[in-house]
Amino acid sequence: MKSYLGYFRLSVLWALIATLGWLFFLQAPETTFAQSSADGLPVIIVSWSAPTYTPIGYEGKALPVFDSRVAVSADVFLGENFIDPSSILYRWSVDGLILAAGKGVKKMSFPVRSGPNAPLFVRLELEMLGKAYEKATYIQNAQPKLSLREPYGGGKISGTPRPFIALPFFFSVVESNELEYSWKLGSSPAAAESQRPDKILIGARAGTPLNASFPLALEVKNPKSFGEIVSKNIMLRVFNP
């Protein structure tokens, strides 16, 4: 009799555990990190863009800088079918802070509050069809950079004035003429072209000996964003082309 009661109690206990487990499965969506259509799981594509300035011809990706904004969006596919965003619950977080959440919130934007060499960790959590999915990505931020397009390269100049053109990267502007350019030749300020503050003509004066050298300095800053300022210094040398 005792054996039968023990067996009965054990059966009831296992039935209760199974019932609770089934209820939990129905209520708590399963989380998966796999992103492969071959597994029958949805494919989540997260893309991002940063509206910082890059010169014409630059083929890389514009990187965000401190106090600029980043736009992110997600597309979800199941097999070859695009899943309607209105049927998905999105939760966006950046560096552990939830910034946007809700049904159909497939995109958002946020300001960059960290400096260079501190990648932004963007995490997207999705709930759909009773299950939870996750996608994470890192976004490399940067700081404004500056390069010079030289007529001959290597700081060489001749007796014929040739253009030196500033090439700013990753400033929070749309056009390069929104930036301020300060040129200095030797120890004196140098005037750029009136319609092209990013361009200056430089040539050696008559009688300047070959291999004579003097410094060229350039400072570029964004007047609308404190801290977006970069300088570049090169040594010019007279040569005979």
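Visitor: How much accessible surface does the chain have, and what share of it belongs to carbon and sulfur atoms?

Guide: The accessible surface comes to about 14800 Å², and 57% of that belongs to carbon and sulfur atoms; the areas come from the Shrake-Rupley method with a 1.4 Å probe, and for residues only the protein chains shown count as cover. This is a predicted model, in which local features need pLDDT of at least 70 and side-chain atom pairs count only at pLDDT 80 or more, while totals for chains, interfaces and linings use all residues. Residues are numbered from 1 along each chain as its sequence is written, and side-chain values use heavy atoms, with hydrogens and water left out.

Visitor: What makes Phe239 count as buried, and what does Tyr152 count as?

Guide: Buried means under 20% relative accessible area, exposed means over 50%, and partly exposed lies in between (1.4 Å probe, protein chains only). Phe239 has 18% relative accessibility and therefore counts as buried, whereas Tyr152, at 28%, counts as partly exposed.

Visitor: What lies over the face of Phe239?

Guide: Lys156 does, at 5.7 Å from the ring centre; a charge sits over a ring if NZ of Lys or CZ of Arg is within 6 Å of the ring centre and within 35 degrees of the ring normal. The charged end of Lys61 likewise sits over the ring of Trp48, 4.4 Å from its centre.

Visitor: How do you know that β10 and β12 pair?

Guide: Strands here are DSSP runs (E, at least two residues; helices are H or I, at least four), numbered from the N terminus, and two strands pair if DSSP finds at least two bridges between them. Five bridges join β10 to β12 (residues 162-169), and the two run antiparallel, with Ile165 as the bridge partner of Arg149.

Visitor: What makes β11 and β14 edge strands?

Guide: The open sheet of five strands has the order β11-β17-β16-β13-β14, with mixed pairing. Both β11 (156-157) and β14 (188-190) are edge strands, as each pairs on one side only.

Visitor: Which residues have the most contacts inside the largest nonpolar core?

Guide: They are Val70, Val72, Trp92, Phe110, Leu124 and Leu126, in a core of 25 residues; a nonpolar core is a set of buried Ala, Val, Leu, Ile, Met, Phe, Trp, Tyr and Cys residues joined through side-chain atoms within 4.5 Å. Strand β8 gives the most to this core, with five residues. A second, separate core of 23 residues includes Leu146, Tyr181, Ala190 and Val238.
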